[in-house]
2 protein chains.
Amino acid sequence: MPTTLVGALVSGKPNYITIAHVGIMDLGSVSLGMSKVHYTNAGIKANGTFSVNIPSVKMVKETDHCGLVSGKTVDKSALFKTFYGKLKSAPMIEECAINMECELIETVDFPSHDVFVGRIAATYCDEAVLTEGVVDFGKVQPILFVMNDRSYWKLGDKFAKAWDVGKELRVRI
Amino acid sequence: MPTTLVGALVSGKPNYITIAHVGIMDLGSVSLGMSKVHYTNAGIKANGTFSVNIPSVKMVKETDHCGLVSGKTVDKSALFKTFYGKLKSAPMIEECAINMECELIETVDFPSHDVFVGRIAATYCDEAVLTEGVVDFGKVQPILFVMNDRSYWKLGDKFAKAWDVGKELRVRI
């Protein structure tokens, strides 16, 4: 799964937490599976907004750090340069090439987890990761997360076109 | 996102569809964001079960094919060797190294999409992708999907330990 940094205002301060248990719902919304023990959950519920930021492999130490320490005891507001967009209450990270600010539209309640579903209000992108106007994940260099051996992986090579490479198996009737 | 093949019985026959808009909810459940136009949705609703199978890069043509043709017009039941587990009604793919059979526990209803949330009833794994008893994604060779330029990517190298590499940024107070 892609590793993200989720931003929210908690008690009026920007806070960032590492979340890789994310999901895509419909084409304009995302989900975050967040254990109820986390400090950030209250801020998302209070403001009804959050951000999803995509860190690069160069930010792996800062990214991992945000998952190691809680906003309850450590102020993470100065770790990154924060900016705000149209929602005003979803802090985003300038150092991340891709940022999405989201409005909370639903919370799926599990015994141990809040799954926050957010409608993306706006997406911001650093021009440096574009190739011919399209986001190029080879330039984004996302941090991929594997839970079972607790490891971070790089993205490898692009090797095929989707909705294309399988065409030769199609039998016309 | 990881590309998966989702299995369901539709009108009594195994059907497989390519879904990369997946998510992790709590630690035992997953989500599938599936456009309501798909043939498979009715089968998931009727049986209350589905499977999530992880194809390898070697299966990219078959995987893409399952996203190109609909079960409405093409019988995909013989594309793979099908097996069943404890739920009896969630067809799984032998050729995929990892299979999860899931019980539908909730459907998040979007105008264009059904987001099916499934509790994992059992996970099956090919011993060939284990390293010292743990799933090794370097051996699984998943197909990663990027929507914006409609492309498939390989997983790259493991480069850091999670909950570890960021420790040096932690300041003891």
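Lys158(B) counts as partly exposed, at 45% relative accessibility. Here buried means under 20% relative accessible area, exposed over 50%, and partly exposed in between (1.4 Å probe, protein chains only). This is a predicted model: local features need pLDDT of at least 70, side-chain atom pairs count only at pLDDT 80 or more, and totals for chains, interfaces and linings use all residues. Residues are numbered from 1 along each chain as its sequence is written, chains are lettered from A and ligands numbered from 1 in the order in which they are written, and side-chain values use heavy atoms, with hydrogens and water left out.

**Salt bridge between the chains**

- Lys158(B) forms a salt bridge with Asp149(A), and their closest N and O atoms are 2.7 Å apart.
- The pair crosses between chains: Lys158(B) lies in strand β13 (residues 151–161) of chain B, and Asp149(A) lies in the loop between β12 (144–146) and β13 (151–161) of chain A.
- Helices (H or I, at least four residues) and strands (E, at least two) are DSSP runs, numbered from the N terminus.
- Asp149(A) is partly exposed, with a relative accessible area of 25%.
- A salt bridge is a side-chain nitrogen of Lys or Arg within 4 Å of a carboxyl oxygen of Asp or Glu.
- Side chains of opposite charge can pair when their charged atoms come close.
- Over all chains, the structure holds 14 salt bridges.

**Salt bridges within chain B**

- Asp26(B) and Arg119(B) meet through their side chains in a salt bridge, at 3.3 Å from N to O.
- This pair links distant parts of the chain, 93 residues apart: Asp26(B) is in the loop between β3 (22–24) and β4 (29–35) of chain B, and Arg119(B) is in strand β9 (residues 113–125) of chain B.
- Asp26(B) is buried, with a relative accessible area of 6%.
- Arg119(B) is partly exposed, with a relative accessible area of 28%.
- Lys45(B) pairs with Asp114(B) in a salt bridge, the closest N and O atoms being 3.2 Å apart.
- That pair also links distant parts of the chain: Lys45(B) in helix α1 (residues 40–47) of chain B and Asp114(B) in strand β9 of chain B are 69 residues apart.
- Lys45(B) is partly exposed at a relative accessible area of 47%.
- Asp114(B) counts as buried, at 3% relative accessibility.

**How the two chains are arranged**

**Around Val30(A)**

- Val30(A) sits in strand β4 (residues 29–35) of chain A.
- Val30(A) counts as buried, at 13% relative accessibility.
- Val30(A) and Gly118(A) are 88 residues apart in sequence and 5.5 Å apart in space, C-alpha to C-alpha.

**Cysteines**

- The count is 0 disulfides over all chains, a disulfide being a pair of cysteine sulfur atoms within 2.5 Å.
- Cys96(B) is in no disulfide, and the nearest cysteine sulfur, that of Cys66(B), is 9.2 Å away.
- Cys96(B) is buried, with a relative accessible area of 2%.
- Cys125(B) is in no disulfide either, and the nearest cysteine sulfur, that of Cys96(B), is 12 Å away.
- Cys125(B) counts as partly exposed, at 35% relative accessibility.
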